[in-house]
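I opened my notebook for a new protein today. Here is what I looked up, step by step.

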Amino acid sequence: MQSLTSFEIMPQAETLFSISGIYYLITLSVYLIGLISIVLFLHDNLKSLISISKAVLQPYFQPHLSQSLVDKFGKWAVITGATDGIGRGYAKELAKRGLNIVLISRTKEKLIATANEIENLYKTKTKWIVADFSKGKEIYEHIKQELLGIPVGILVNNVGRMYDYPDELCNQPEDLLWEIININIGAVTFMSRLVIPEMKKQRKGAIVNISSGSELQPTPLVAVYAATKRYIRSLSLAIECELYEHNITVQCVIPGFVVTKMNQFSETLLQGNYFTPPAETYARWAVFTLGKTKETTGYWTHAMVYCFIKLFPEWLRMRVGHFATKQFRTEYFISQAKRKIM
């Protein structure tokens, strides 16, 4: 047998070294990509919980950043859908923090009652505007004229329309679908467009858009409603980038279940629980996050649920959502049958 000379061994060693080096670089790249993916995944899923925790702790570690909402955004807040549920909760909570309130809703009697309650409780100014957002384009000129001379600091786009009960798209009345589109998409779009020019002049302001946890995935049996709430999130994140240089805050709030009339198809949801808070409790937490995060669930237990749900792929979330809406539909039919018997 012939022995290999040192000159023959060296090329082989160099080849082995180069192969092991390439393998090492590939392995390191895979690990780095995996690590980055995990960090981004955790950030996306935990950001709401982190933002709420940050908002709670910030006054202790950065007290110099603590400003009142009046100082930061202005003296007047406009709330749509302000006489019930989350909108009413926002109106009262913002008034409690010293802001004057413009209430917009379709029922004059409720507007007057809510305005009187706020003035008596918090000694702030109020103004109310009757407007039915289901009517579409025709109402916005009236709202614009009513807001003339009012330096709007905060706009809360809360008004929303849900199905009367979960059901397939083909079973939903055409008029109801137009209401959902005009209210859930039209109002958030055109109310934002209405106040942005003045906010730019003031070099400050905040737009709060209320979306819904149903936007996390396509949701069968409430398909149109869930799609409109996805639109709200997309719009919010986009105009947040547009308005950042003008010192205007845009916040998208993504609540889970809250005890409101919107969920009156389910007696279970109306009873409330640990994860389904009353509207005023929810609004108190959500207002606390304003100015501290651009996207939030608004409530700490909702942040936990959001984090858990996002761990699963969209197809599985859709199936679970479909199962839940079918249960709610069954619950609605049973309650209707009981009322007929009674």
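**Strands side by side**

I began with strand β5 (residues 205-210) and β6, which pair in the parallel sense over six bridges. For me, two strands pair if DSSP finds at least two bridges between them. Helices (H or I, at least four residues) and strands (E, at least two) are DSSP runs, numbered from the N terminus. This is a predicted model, so local features need pLDDT of at least 70, side-chain atom pairs count only at pLDDT 80 or more, and totals for chains, interfaces and linings use all residues. Residues are numbered from 1 along each chain as its sequence is written, and side-chain values use heavy atoms, with hydrogens and water left out.

Next I asked: which residue in β6 is the bridge partner of Val208? I found Gln251.

On its other pairing, β6 joins strand β7 (residues 295-296) in the parallel sense over two bridges. There, Cys252 has Glu295 as its bridge partner.

**How covered is β6?**

I checked strand β6 (residues 248-253) and noted that five of its six residues are buried (under 20% relative accessible area, with exposed over 50% and partly exposed in between; 1.4 Å probe, protein chains only).

**Out on helix α1**

I then turned to Leu25, which lies in helix α1 (residues 6-61). Leu25 counts as exposed because its relative accessible area is 53%.

**The whole protein**

Lastly, I counted eleven helices and seven strands in the protein. Buried residues make up 43% of its 342 residues.
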